[in-house]
Amino acid sequence: MNNSTKMQIRENFTMDGNTRTYSENRGYFITRMTLLTTVAIFSCLLVGTGLLIYHFAGCQELPVHASICDHRYHFVSNLSSRAHLEHETTPPLVEDASTAPATTATSISSSRISSTSTSASAEIGTHQPGSSETHPPEEDDVRLPRSIEPIAYNIRLIPFIVEDNFTFAGTVDIEVRVTADCDNITLHAVALQIHEAHVRRQEPGASDDDEDAAPGGDDGGGGRNKRHLSEATGSNNDNRQEHNEVDNGTDGATSSDNASGRIVEIDRQFVVESKQFYVLMFKRKLLAGERYVVRIKYDGVLNDYLQGFYRSSYTVRNETRWLATTQFQPTDARRAFPCFDEPALKARFSISLARPKSMVSLSNMPKLKSYNAPEPGLEDYVWDIYQQSVPMSTYLVAFVVCDFVSLKSNNFAVWARSDAISSARYALDVGPKILKYLEQFFDIKYPLPKMDMIALPDFSAGAMENWGLITYRETAMLYEENVSANSNKQRVVTVVAHELAHQWFGNLVTPTWWTDLWLNEGFASYMEYLGVDAVEPAWKSMEQFVVNELHNVFSLDALSSSHQISVQVHNPEEINEIFDKISYGKGAAIIRMMDHFLTSDVFRKGLTHYLNEKKYLSADQDDLWTFLTAEARNQDVFDDSMSVKEIMDTWTLLTGFPVVSVTRDYDSKSIEFTQERFMFIEPSNDTSAKKGEDHPLWWIPITFTTFGESNFNSTKPYIWMKAEDKLVLQETDIPNHDWMVVNIQQTGYYRVNYDQRNWAMIVGHLMDKRKHTTIAPSNRAQLIDDALNLARGGYLNYSIALNVTRYLVHETEYVPWKAAIGALNFIDSMLIKTSSYDKFKKYSLHLLKPIYAKVGFEDPKDSPLLTVYKRVDVLTAACHLGYRDCVSKCVQKFYEWMHEPHPDINNPVSPNLKNIVYCTAIKYGDQAEWDFAWERFQKTTIASEKETLLSALGCSRETWILTRFLEYSMTDEYGIRKQDVFRVFIAVSNNVIGQPIAFSYIRNNWKKMKEYLGTSMSNLNMILKYSTKRLNVQHELDELKEFAQTHVKDTGRTIQQAIERAQANILWMDMNADTIVQWLNDVEYDPDEEM
């Protein structure tokens, strides 16, 4: 029941009371019996009305079974007969092909659902604002019934991209097939105002194309469709206010339709808030094998939450320009049009978009034609009609209306703001090359006739793989030479490769359900490295994989609150939560492992067979395992006793990963391998809890080499640990004085621990500056990362782990240094607020000084990419530790910039060093430096520069500045986009002074942050994660738990991981801080060493 209906009921009661007046002058006489009878009747009416309102407004939602044939939910009464009688003079939507409608004004929103009849005499509603009734609990299973499946959609949309009226009007025709007898059609819709629904049966052999042609079709009936399109879409801008009023609608029935029974009479319709369902119930059964066409007329709001069909803007010479775009993954297509919004329910899509003549539109497929909109009120609009798509999932549908310009290369185009289009040239250069590489890799041609890539000012993710229309955040597609850093350039090619890989893995073959999201994201995350390697081989991207993906995801997967790769998810919040490092990074790591143990030839051919067999369909991980196993057996890589499923199920269905402990018996020459789950220190003194109650076991490919062999190229498994606790190799021929290194190139997703003697031999070898390079760079990185994290988890003494780092004084390669800086950063973050931090600083600078001198502060343009990355990481670490030479040079460079006459045009700071210089100068400066950087942020139009400045602005040590910076991010008044709010909080949280400020701000302003950032929790989860990473004292943990008690339902796994990490940090401090300080005290330095 909406507010207007409630008010009408109250007015009726008031009138009734006012007519019962008692006045001697009027001469009325009421007996006591009459009075009692009247009061009794009135009381019964009151009670009866209350029960009716309670029944319809407060019904508890019941579970929906597979066929949803017995709903008991908030419903709208059947108005089809009434509508036919009252509105028979209204022209039909499609004169010979419509149905008796359910005419409603049903508002479907994420927070409140109101279903009301538009008939004045049938005012039935649901929840009211301010009602004391509580919403039913979130239901676990939100899957659609399988009795109906979509075949094709015809979507017609008019976005009104006008300030104070950001709305859109639409009509969707959905052709569906009945797969099992039922009496309803259930689909998804949320945040939409639904006005009409019509359903008609499709005659056998009939095509819907003739009757529901796209607007303006030259089919003889085009004029008729044009004439009535405004009714179908609500396209008249003057009628915006009418959508909350009575919508008369039409049944559109003809005598032939009635006689033939093509009309399906709707009994009632209702919405199920907890499932985001919109349900049409019928008076008769829909029979298996029949086809129907559902037409729904609706409108919605172009929101600013960066989900569904939303608005974005940018500024040109103080003029704000608007655009409308989409982001549907995973469950937001239902915010743009009612649909069957599950990945397995593929269909073909025909899109028609009305857009202002000054703008352009884009969609997944090529444009068929355009024509001037004939509807009243749309004189300045043009209809763009798009070719019907191949079968695809709803989350891959995309459309954009904007004033952007493009650059093209054959069927490949890039789109951006006119003042940023030159920055898209690099994406246009590498995009077609990567697309060609992927066609060759998969041995399958790209299936669509064109590819558009567009850089959007506001975009929540990095990019989205919409088929044929990939949408990007600007920093993920635009690279400005001499302004953007080399890392921005790699980011562009990496994200482009990732999204193009999805065109096969995810789009051509789609996971049946989000449980197997990792098949999408894991493969794309692995293929992005292969794609980059194909177009930029000098970057050694596969070496970077180890430190960028593998080591990165290990830290999350070592928590007991981690999750399986293939994880059961039920509702949109759970689905959104698994778009994390596990699905992306771990997924990529185990696919890389599989590529190596199967061999690349088997891997590629198996993928090709899988994609060809399953194209335009959905699949689950078992389908992939079947094809890979067949190819492995065909090429004799596996015998009949081994299968990919048996191996990979242990990696996808078990949480976490193993640590393999290698113990050599130097007398008998045997080697014992044991496995257990690796976890960081539990918040309990019971260390046996590490093993877990279920004692998981994995199939582990064991590869190794020795000092004598030093073969770091062969990654074929020497032997398998077949989900067993222990494996023993007897009488090996490895000399006792030779070290062994297990997990060559760290291709296996596991850590390795050794006996003390083998560790000592490894450390001795690394300390020899003439020999340490015989161990491959990726394995040197592995040894450092494994050692320090084994110690962090309590599996190895810190004295051994820190001894491994001593050799870094003569390490010159990027990958080992990247691993070392990353692993040592944890110790830094734990000790930075202690009195012993000076000792850690001294040791760290002792390691850094030789490489600092080698890389230098200057940044030559011809430096190889990994040299640039090494320089950036080393300088960042040195400046963070307060190394005088580094700090003074940064401050000097920033000073030069501040005194440039035209600082927005001339910047003396090298693009690759901007992060370091800006942050260090602001850290050691005062308000003047901060204000200068803030002004540059306000004036620059280059996205990568804005991103760099936002991160640097969080480096200030002035608490009031940091608090104000957080406040600036929570309003659009200061030019910080919602997509970048998390960047502000991360920047402040990475600052030892700022971290408690950020955490305090979150606790005190959580409701405000949720309201501002919208319903999606992804940005809030990221903010929570980074603002709590450093917590390592009990009172901080207590504050976190108190916060979690209030908000844990909203944040789920993220808050659990934050609490676990804080507990582990506290225990780590108790167990390891003194050991590390003692080891640092024993380090001997050159007395002339300058710090």
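## Report on selected helices and strands

The model is predicted: local features need pLDDT of at least 70, side-chain atom pairs count only at pLDDT 80 or more, and totals for chains, interfaces and linings use all residues. Residues are numbered from 1 along each chain as its sequence is written, and side-chain values use heavy atoms, with hydrogens and water left out.

Helices (H or I, at least four residues) and strands (E, at least two) are DSSP runs, numbered from the N terminus. Helix α22 (residues 884-898) packs against helix α24 (residues 927-939) at about 60°, and their axes are 11 Å apart. Axes are lines fitted to C-alpha atoms, for helices over the stretch in contact, and angles run from 0 to 180 degrees between N-to-C directions. In α22, Phe894, Trp897 and Met898 meet Ala928, Glu929, Phe932, Ala933 and Arg936 of α24 (contact means heavy atoms within 4.5 Å).

Helix α15 (residues 644-652) is largely enclosed by the rest of the structure, because seven of its nine residues are buried. Buried means under 20% relative accessible area, exposed over 50%, and partly exposed in between (1.4 Å probe, protein chains only). The buried residues of α15 include Ile647, Met648 and Trp651; they pack against several elements, among them α9 (517-535), α12 (581-598) and β25 (658-665).

Strand β25 also belongs to an open sheet of four strands in the order β30-β26-β25-β32, with mixed pairing. Its edge strands, β30 (726-729) and β32 (751-754), each pair on one side only. Val659 stands opposite Arg751 in β32. Helix α17 (residues 777-792) lies across β25 and β32 and runs at about 75° to β32.

Strand β22 (residues 469-473) is largely enclosed by the rest of the structure, since five of its five residues are buried. Leu469, Thr471 and Arg473 point one way from this strand, whereas Ile470 and Tyr472 point the other way. In the hairpin of β21 and β22, four residues lie between the strands, and Gly468 takes a positive phi near 85°.

Two strands pair if DSSP finds at least two bridges between them.

| Strands | Sense | Bridges |
|---|---|---|
| β20 (residues 451-456) and β22 | parallel | five bridges |
| β21 (residues 463-464) and β22 | antiparallel | two bridges |
| β25 and β32 | parallel | four bridges |

Within these pairings, Asp452 has Leu469 of β22 as its bridge partner, and Met464 stands opposite Thr471 of β22.
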